[in-house]
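Please open the structure in your viewer and keep the selection panel at hand.

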Amino acid sequence: MNIKNYLACPECDLLLQRVLPVVGEKIHCPRCNYLLHRPSAESITRTFALSLAGFCLLLPANLLPIVGIKVLENYHDGTLLSGVLTLFKEGMWGVSIVVFLSSMLFPILNIVLACLISGHLYFNRPNRYLSLWLRTLQHIEEWAMLEVYLLGIIVACVKLAAMAELKFGLGLTAFVLLLLVTLTLASHFDHVLFWRHIEQLNSHEKK
Amino acid sequence: MKKNNTALAQGLIRCHDCGCLAQRSVVNCSRCGSQLHARLPNSFQRTFALLLSGLALYIPANLFPIMTVTQLGVGEPHTILGGIIALIHSDMLPIAMLVLVASILVPLLKLLGLSLLLLCVHYRWQVNAKRWTQMYRIIAFVGRWSMLDIFMISILVSLVDLGGVAQIIAGSAATAFAAVVILTIFAAKSFDPRLIWDVQI
């Protein structure tokens with residue numbers, strides 16, 4: 001039997017015949033209902049476009065003020081970076097590193113790696129680091145927690161609204177856009193297709 | 001349940017990273033180069049160790065103040081539960097519920113659920129494996145939302161830094177709580193749901 005024609009469910013190890021779904025179709029594992037594959041139209045082009053858009057939003061989202069508060073004529077605003085730095089200065093380096101990784105470094109890496117991988121696939125350029133990049137991307141994906149951070153911003157604002165005047169900055173707009181781009185990117189990213197393309201590209205290069 | 005329909009029973013291993021199949025004798029995946037394992041290595045022991053550490057840190061995370069709010073020179077330390085009670089007192093019930101779910105119920109249910117999964121695998125309980133896999137998926141999915149409190153603190157400390165007028169300082173429970181969240185996410189990641197299916201006869 002040719003193992004290329006089979007696949008195994010990652011969560012229950014059921015051996016299945018490989019089928020190629022068309023766009024809009026979803027394949028679930030018949031035994032445990034795990035979502036095995038959901039192809040997206042123009043996955044590579046869309047991933048490339050979205051990651052370029054995300055690229056432009058990275059700096060504004062990370063460095064521009066997200067919210068500012070005004071208490072008794074004192075104005076102070078906060079960015080993603082200033083939260084990390086303040087925590088570090090207060091000696092909470094553990095929390096500060098966790099926040100830095102999950103709200104800044106991993107989201108940035110996520111976009112950069114998606115851009116590198118889809119760019120190489122889009123222009124059909126083989127690269128021996130492609131599979132390393134995609135593996136890294138798959139591992140850091142779940143540690144980028146922008147959507148949780150947005151909820152944190154909302155809760156913090158509700159708490160502060162009672163005691164101070166709030167002012168929303170341009171950074172918040174950039175942050176929400178970055179979040180939307182990242183989520184759309186994740187839903188259009190077809191891992192099965194990407195792995196197949198990487199294999200093809202790299203095997204052509206070997207010949 | 002038939003046992004010979006799994007990849008492992010047919011002598012095949014699925015690569016964790018790229019998902020392609022390989023014979024059991026192969027060490028590294030031919031497509032992506034990562035190491036092949038039939039199941040996540042030492043899944044039970046790793047999950048158990050991470051779970052115990054998470055459980056131990058859950059106590060200081062709830063006992064110590066997570067932040068201190070100073071207004072016009074008067075400091076007031078808050079624990080996680082105290083913060084929720086303060087929110088209820090200021091008539092913000094929906095937000096209070098949200099924080100209650102994210103920072104108390106989710107970590108607690110996660111610790112409980114992972115313990116059940118480990119017990120199931122260890123004592124080879126005959127269960128509805130589909131349902132238990134679903135429980136595992138929920139545990140793996142909700143873990144990240146507990147970071148809510150940590151992110152909120154990060155925003156608050158950088159915003160409310162107005163010297164004598166008002167200041168918010170993070171407390172020692174923040175480190176413990178962040179550690180609980182991270183450890184339980186790692187615990188969920190290191191648990192292999194295929195073990196549930198393996199122990200079913």
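Which domains does the domain assignment of chain B give? Colour residues 1–38 of chain B as domain 1 and residues 42–199 as domain 2, as the assignment states. Please note that this is a predicted model. The centres of domain 1 and domain 2 of chain B, taken over C-alpha atoms, are separated by 34 Å.

Next, select helix α4 of chain B, residues 129–142. This helix has 14 residues, and from its first C-alpha to its last it reaches 20 Å, close to the 20 Å expected at 1.5 Å a residue.

Show the side chains of Ala129(B), Trp132(B), Thr133(B), Tyr136(B) and Ile139(B): these residues of α4(B) are buried. They lie on the same side of α4(B) because they cover an arc of only 115° around the axis.

What do the buried residues of α4(B) pack against? Select α3 (93–122), α6 (172–190) and α7 (194–199) of chain B, for these are the helices that they pack against.

Finally, turn to the place where the chains meet. Here 49 residues of chain A are in contact with 49 residues of chain B. Among the elements of chain A that give two or more residues to this side are β1 (6–8), α3 (93–122) and α7 (191–206).

Key: Residues numbered from 1 in each chain as written. Chains lettered and ligands numbered in written order. Predicted model: local features only at pLDDT ≥ 70, side-chain atom pairs only at ≥ 80, totals over all residues. Contact = placed C-beta atoms within 7 Å. Helix = DSSP H or I, 4+ residues; strand = E, 2+ residues; numbered from the N terminus. Domains from an automatic or database assignment. Expected span 1.5 Å × (residues − 1). Buried ≥ 20, exposed ≤ 12 C-beta atoms within 10 Å, placed from the backbone. Arc of directions from axis to C-beta.
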